[in-house]
Amino acid sequence: MRKGVRITLRIVGGLIGLVLVVVLGASVVSAMRLKKHYDVAGTVVPHRTDSASLARGKALATLYGCTGCHTPNLGGQQLIDAFPMAKLATSNLTRGEGGIAGTYTDADWERAIRHGIKRDGTPLVLMPSAAFNRMSDDELGRILAYVKSVPAVNRTPAPRVMYPIARVLHAFRLGPEPLVPAEVIDHTAQRDPQPAPGPTLEYGEYMVGACKFCHGENLGGQPVGGEAGAPPSPPIGPNSVVSRWTEAQFVQTMRTGVTPEGRKLRAEYMPWPAVGTLHDDELQALYMALHQAPKGTVTK
């Protein structure tokens, strides 16, 4: 009996030791990769500051999730505070105390958004740049114009802390989305020109890219619909509830935030007020794309 106990203790001790070695190794690898310098030159994207362009930029910033992660006033927030995962705060994007707008050049903004790289050349954590990398100059320019126009917010983000689970996920590149997108982005890829706006499938497929951050690459929904703490996102592709709506019902839902079934959409998770500012032909294009999603789309 005692011999069996000793064997069990040795096995348990060995497993604990193995886990400690893995965690220690992952921590070293993760720390080294977070200090890596990316030699990527940012591009200056022209942007206009007229009222129409700023209004469009605000809608796009909401649509792409900027106001979800960085809050509506773009002052940032404590996005994750969970041991043994991580403590991660989003940046204050304004010119206020603790903000980055006062030091970021136009090229710095482009490098951060499209490439997930900070001003000092090191990578950003949890910045969904993989989804923004192919964003057109026109849309990026409008977003930048809006972000730079927002009033200053005095807020200094708490320092980043990566606990063991986050270190292991990062080191072994586990999880549904990369913690450090700069590591997987093709920084030399050429952006396809933005299709001409209009009620076409081509333009709709371009626009539907904004939906994938919350609803998944195949539009089949995700356990966490976007930023940390968000509820599950539903499927929105073929054979989903959305696919049973008429075009008029889809447009009406995006304009009012109320589905044909009478359910009210929560604006803090589904940015229908921003989507509702799109022109009719843009919503028609989006409707077309959602009804002709690529093969392999997971729906319920």
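**Exercise 1.** How many aromatic pairs does the count come to?

Solution. The model is predicted: local features need pLDDT of at least 70, side-chain atom pairs count only at pLDDT 80 or more, and totals for chains, interfaces and linings use all residues. Residues are numbered from 1 along each chain as its sequence is written, and side-chain values use heavy atoms, with hydrogens and water left out. Rings of Phe, Tyr and Trp (its six-membered ring) pair if their centres lie within 6.5 Å; planes under 30 degrees apart are stacked, over 60 edge-to-face, the rest tilted. The count comes to five aromatic pairs.

**Exercise 2.** Describe the pair of Phe83 and Tyr163.

Solution. Step 1: the centres are 4.8 Å apart and the planes at 75°, an edge-to-face pair. Step 2: Phe83 lies in the loop between strands E1 (78–82) and E2 (86–89), Tyr163 in the loop between strand E3 (161–162) and helix H7 (164–171), so the pair ties together parts 80 residues apart in sequence. Helices (H or I, at least four residues) and strands (E, at least two) are DSSP runs, numbered from the N terminus. Step 3: Phe83 is exposed at 64% relative accessibility, while Tyr163 is partly exposed at 21%. Buried means under 20% relative accessible area, exposed over 50%, partly exposed in between (1.4 Å probe, protein chains only).

**Exercise 3.** State how many disulfides the whole structure holds, and check Cys66.

Solution. Step 1: a disulfide is a pair of cysteine sulfur atoms within 2.5 Å. Step 2: the search finds zero disulfides. Step 3: for Cys66, the nearest cysteine sulfur, that of Cys69, is 8.3 Å away. Cys66 is buried, at 16% relative accessible area.
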